[in-house]
Amino acid sequence: MDIQGIHSILLEKFGATAVGSATHPAIDPWIQVEASAIVEVAMFLRDDERLLFNHLNDLCGCDYLETDPKKVAKFGHEPHVEVVYQLSSLKLRHSLKLKILVPRWKNDVPGELPVVPSVSSLWGIANWHEREAYDLVGIHFEGHPNLRRILCPEDWVGHPLRKDYVFPLEYHGVRGR
Amino acid sequence: MSMQIEDPRVVEFDVQTDEMLVNMGPQHPSTHGVLRLLLRTDGEIVHECTPHIGYLHRSAEKIGENLSPPQYIPYTDRMDYLAGMNMNLGFSLAVEKLIGMKVPERGVHLRVLIAELGRIASHLVGMGTYGLDLGTFSPFLYAFREREIILDLFEEACGARLTYSYLTVGGATHDLPDEIEIPEGLASLTGRVQGERFPFTDVIEMFLQWLEPRIKEYHTLLTRNTIFIKRTAGQGVLTPEMAVSYGCTGPVLRGSGVNFDLRRDGEPIYTSMYKSYDFDVIAAPFKDAPREVVLGDNWCRFYVRMLEVVQAIRLVRQAIPKYKAATGSFREVFKLNSKLPKDEVYLETEAPRGQMGFYVVGNGEGNPLRVRAKSSCFCNVAITDQICQGVPLADIPAIVGSLDIVMGEIDR
């Protein structure tokens with residue numbers, strides 16, 4: 001099923017407040033989903049007989065921020081963080097990209113991680129992918145059973161894939177620069 | 001005289017066991033690199049197996065944000081360092097999809113040839129090291145003898161033996177050489193004169209002819225070996241539902257009976273490469289499996305790899321005449337100062353260990369805004385806790401080895 005068909009099914013089921021538009025002119029079009037609705041939408045996508053998205057290929061975060069003041073005008077995005085879900089159906093052989101757009105910091109307080117509900121109860125692998133997105137991009141997945149750092153050491157400070165991340169000068173006596 | 005036990009409770013107390021935490025790794029020979037498994041054991045039985053990863057984390061995704069795509073190719077080599085060619089191919093295809101570049105026909109067949117040779121080399125290591133995990137040394141030596149010749153051929157093609165950076169955006173860095181000196185190893189194995197010169201494709205054909213009958217020998221040595229079957233059949237059973245839910249891909253998924261291969265079922269930009277090729281997708285169950293084998297066990301995963309080597313040989317054989325017949329250039333030039341469009345792509349390719357995905361976000365500049373490498377082994381190793389419960393401690397290496405993981409790819 002193509003993206004327009006999936007989009008109309010989702011709109012019919014969840015309404016325009018939960019599901020955004022799918023008309024982005026892109027190579028891989030995506031559907032934007034409201035953070036609060038992601039678990040129901042994902043469960044519907046996984047279990048509905050027309051869709052059957054049983055395979056979560058990838059889940060990652062992406063930080064949109066331009067730190068160079070000269071380039072901000074050309075950047076073209078409001079600062080925000082995206083969570084990108086790549087789904088596919090091994091049975092029906094179609095795929096879909098979902099996106100959640102959240103502010104870079106919760107309530108615009110630096111250091112307060114944005115909150116997105118966890119889908120780890122739906123796909124087993126989401127557990128690790130969400131841990132990685134938490135570790136590297138700094139997104140708090142609510143309802144995750146074990147939200148710990150996965151690639152960086154447990155006492156690491158900051159989230160390295162944030163655009164304004166500053167590399168530490170020293171870590172346990174090891175010089176960073 | 002039979003032994004009398006006066007008070008049975010004494011014996012009961014004596015065999016009572018305590019739970020114990022055992023740290024397996026990160027420096028353990030059978031964890032394939034720096035994987036640390038935290039095992040909660042009761043006596044000899046493992047109740048919980050928690051993998052801890054990240055010891056080889058090199059911030060590959062962050063580095064990608066500060067380099068242009070051709071500059072990033074060498075970093076993809078270092079992800080799955082046993083199949084560098086396939087990693088190069090995955091990232092190149094993702095960037096080509098982003099900028100809408102079309103690779104000339106000669107470049108496509110060159111890529112198929114090289115990628116499938118890489119798959120053979122990678123699966124040979126998988127086979128050899130799995131033998132090591134189970135305590136037999138000789139398959140490892142044979143596998144590395146064969147792999148050595150593939151590495152010699154790659155060295156002739158691009159100059160490197162492990163981190164090739166050969167397949168790049170638009171095609172490859174060089175065309176294949178016309179004529180080479182036959183690699184020393186191949187010369188001595190096939191009884192040819194050292195230093196004799198042959199066309200490159202003839203040397204590949206010579207190698208394949210020599211390799212093909214050897215696969216039967218590996219089956220005798222490992223696959224049909226009673227001890228090997230006892231260690232692998234019925235162990236580490238991964239059901240198809242769990243394999244799909246945990247995002248397992250590649251031989252792990254196909255070993256569980258899900259017939260899915262991106263070379264056949266993937267996106268058009270990838271499947272078009274293999275459109276004119278004739279090959280089978282290998283998936284369990286197997287008709288010729290021993291009685292003890294269960295769908296989705298270690299043996300199935302191993303056997304998928306072995307049969308994929310045969311398919312890869314078929315593909316290379318088909319690629320040689322196609323490559324020779326194709327006219328034109330082997331690459332489309334990617335201008336070093338070109339800008340990436342404001343768009344994003346996600347593309348998965350079938351690397352030897354599973355589906356390797358690259359998510360590239362362009363932002364109108366030379367460097368991408370975000371490079372995400374979705375590793376196949378990352379998903380495959382996440383399953384260990386599920387399939388290692390209730391098995392004896394000695395079977396952990398057999399189960400982890402059957403997943404055929406490479407830590408460089410997991411930690412990136």
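Let's start at P177(B), in the loop between β5 (171–172) and β6 (179–181) of chain B. Keep in mind that this is a predicted model. Buried or exposed, then, or partly exposed: which is P177(B)? P177(B) is partly exposed, because 14 other C-beta atoms lie within 10 Å. Who touches this proline? Leaving out residues up to four places away in sequence, P177(B) touches E156(B), A157(B) and F200(B). Now compare A60(B). That residue is 117 residues from P177(B) along the chain, and the two C-alpha atoms are separated by 32 Å.

Next, a sheet in chain B. Three strands make an open sheet, in the order β8-β9-β10. The pairing is antiparallel. Which strands sit at the edges? They are β8 (344–351) and β10 (370–374) of chain B, and each pairs on one side only. From one strand to the next, the twist averages 15°.

Look at the β8(B) pairing in detail. Strand β9 of chain B covers residues 354–361, and eight bridges join it to β8(B). The two run antiparallel. One pair to find on screen: E350(B) has Q355(B) in β9(B) as its bridge partner. A helix packs on this sheet too. That is α4 of chain B, residues 84–99, and it touches β8 and β9 of chain B. The direction of α4(B) makes about 150° with that of β8(B).

On to the core. The largest nonpolar core has 155 residues. Which residues have the most contacts inside it? Those are A94(B), V360(B) and V381(B). Helix α5(B) gives the largest share of this core, 13 residues. Take V381(B) as an example. Setting aside neighbours within four places in sequence, V381(B) is in contact with L35(B), P51(B), I53(B), L403(B), I405(B) and I410(B).

Stay with α5(B). This helix spans residues 105–133 of chain B, and its axis comes within 9 Å of that of α17(B), residues 396–403. The axes cross at roughly 175°. So α5(B) is roughly antiparallel to α17(B). From α5(B), the residues at the contact are T129(B), Y130(B) and D133(B). They meet P397(B), A398(B), G401(B) and S402(B) in α17(B). By type, the residues of this contact divide into three nonpolar, three polar and one charged.

Now chain A. β3(A) and β4(A) pair in the antiparallel sense, over eight bridges. Within that pairing, Q86(A) has K97(A) in β4(A) as its bridge partner. The two strands form a hairpin, with six residues between them. In the turn, R93(A) has a positive phi of about 55°.

Strand β4(A), residues 95–102, also pairs with β1(A), residues 31–32. That pairing is parallel, over two bridges. Here I31(A) stands opposite L98(A) in β4(A).

Last, where the chains meet. How many residues does the contact take from each chain? It takes 26 from chain A and 32 from chain B. On the chain A side, β2 (55–64) and β3 (80–88) each supply at least two residues. The largest share of that side, six residues, comes from β2(A). The chain A residues that touch chain B divide into 15 nonpolar, six polar and five charged.

Notes. Residues are numbered from 1 along each chain as its sequence is written. Chains are lettered from A and ligands numbered from 1 in the order in which they are written. This is a predicted model: local features need pLDDT of at least 70, side-chain atom pairs count only at pLDDT 80 or more; totals for chains, interfaces and linings use all residues. Two strands pair if DSSP finds at least two bridges between them. Helices (H or I, at least four residues) and strands (E, at least two) are DSSP runs, numbered from the N terminus. Axes are lines fitted to C-alpha atoms, for helices over the stretch in contact, and angles run from 0 to 180 degrees between N-to-C directions. Two residues are in contact if their C-beta atoms, placed from the backbone, lie within 7 Å. Angles under 35 degrees count as roughly parallel, over 145 as roughly antiparallel, 65 to 115 as roughly perpendicular and the rest as oblique. Ala, Val, Leu, Ile, Met, Phe, Trp, Tyr, Cys and Pro count as nonpolar, Asp, Glu, Lys and Arg as charged, and the others, Gly among them, as polar. A nonpolar core is a set of buried Ala, Val, Leu, Ile, Met, Phe, Trp, Tyr and Cys residues joined through C-beta atoms within 7 Å. A residue is buried if 20 or more other C-beta atoms lie within 10 Å of its own, exposed if 12 or fewer, and partly exposed in between; C-beta atoms are placed from the backbone.
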